[in-house]
Amino acid sequence: VANGEWHDGTRALLKYGYHNLEEKVIRMSSVLLPNSNSEMERVLRDFPVASKSKVAVVPNAVDDFTQISEADTLPPEFERFRGSVLCVAGIGHRKNQLRVVRALSGVKIPLVLVGQPSPNALGYFKQIQREAGPNVHFAGRISDDDVRHHYRAAKVHVLASWMETTGLSSLEAGVAGCNLVITDKGDTREYFGDMAFYCDPGSEVSIREAVLKAYTAPVCTALQDRIRSKFNWRKTAEATMDAYLQIL
């Protein structure tokens with residue numbers, strides 16, 4: 001309603017309900033492509049009918065833009081963010097930026113928020129702006145190149161969401177050399193194992209402790225190697241193709 005999305009899909013949603021539409025899609029599907037085994041476990045728990053479909057886990061993937069020489073200097077306007085804490089995500093309740101701002105209040109480390117609020121999160125965004133201290137910088141919506149400059153400048157990327165199937169920006173930040181602070185809700189452990197710092201999104205103390213630990217830790221090169229080898233587009237394409245071959 002807040003987004004003004006009035007179309008046939010909206011009417012179907014209001015008439016049948018979200019859960020019923022999800023179940024209908026599952027019944028119509030010959031093969032399901034979850035992003036992880038733990039995601040598929042949730043689907044099976046909520047929709048037992050899914051057990052009748054074939055399943056092929058297709059991991060999320062990101063570009064390895066670190067082929068750009070690390071010797072390249074950052075544009076001057078990004079140098080001031082060297083060693084920052086970064087959060088790249090649409091601003092809203094699920095991504096939990098307000099608690100991150102509160103958790104890092106008084107910490108003398110730049111916190112950069114990249115992203116903009118959706119129409120139904122404008123009040124939430126204004127609350128963040130009211131509570132943000134001098135260490136918080138709002139980048140808004142910026143180009144992909146500028147996002148990559150922020151990844152290269154940052155020491156830590158934080159995504160303290162209430163739920164993430166993966167967190168694509170975490171994958172991007174990890175391959176760029178950031179240490180990761182991520183939610184413990186969802187499927188993140190299947191992607192990042194013990195190579196990230198986990199926090200409870202409901203606890204500002206937990207978020208703060210995880211960020212400070214990640215900030216003082218050396219860069220996890222093993223995480224970069226894991227993302228490059230397991231979560232690249234070739235792997236994703238091959239897994240998707242294999243799923244199609246199962247049903248052709």
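Guide: In this predicted model, a search of the whole structure finds three aromatic pairs (rings of Phe, Tyr and Trp, the last by its six-membered ring, with centres within 6.5 Å; planes under 30 degrees apart count as stacked, over 60 as edge-to-face, and the rest as tilted). One of these is F125 with F138: the ring centres are 5.7 Å apart and the planes stand at 85°, so the pair is edge-to-face. F125 belongs to helix α6 and F138 to strand β5 (residues 136-140), so the pair ties together parts that are 13 residues apart in sequence. Helices (H or I, at least four residues) and strands (E, at least two) are DSSP runs, numbered from the N terminus. F125 is buried at 17% relative accessibility, while F138, at 34%, counts as partly exposed (buried is under 20% relative accessible area, exposed over 50%, partly exposed in between; 1.4 Å probe, protein chains only). Elsewhere, Y191, F192 and F231 make up one aromatic cluster.

Residues are numbered from 1 along each chain as its sequence is written, and side-chain values use heavy atoms, with hydrogens and water left out. Because the model is predicted, local features need pLDDT of at least 70 and side-chain atom pairs count only at pLDDT 80 or more, whereas totals for chains, interfaces and linings use all residues.

Two rings carry a charge above them (NZ of Lys or CZ of Arg within 6 Å of the ring centre and within 35 degrees of the ring normal). The charged end of R189 lies over the ring of Y198, 3.9 Å from the centre. For K155 over the ring of Y215, the distance to the centre is 5.5 Å.

Leaving aside residues up to four places away in sequence, V181 touches V156, H157, V158, L159, F197, C199, A210, V211 and A214 (contact: heavy atoms within 4.5 Å).

The charged side chains form nine salt bridges in the whole structure (a side-chain nitrogen of Lys or Arg within 4 Å of a carboxyl oxygen of Asp or Glu). Among them is E131 with R102, the closest N and O atoms being 2.7 Å apart. E131 lies in helix α6 (residues 122-131) and R102 in helix α5 (residues 97-103), so this bridge ties together parts that are 29 residues apart in sequence. E131 is partly exposed, at 30%, and R102 is also partly exposed, at 33%.

Another bridge joins R228 and D225, with 3.8 Å from N to O. These residues are three apart in helix α11 (residues 221-230), a separation of about one helical turn. R228 is partly exposed at 31%, as is D225 at 46%. In the bridge between R82 and E79, the closest N and O atoms are 3.1 Å apart; R82 is partly exposed at 46%, and E79 is partly exposed at 34%.
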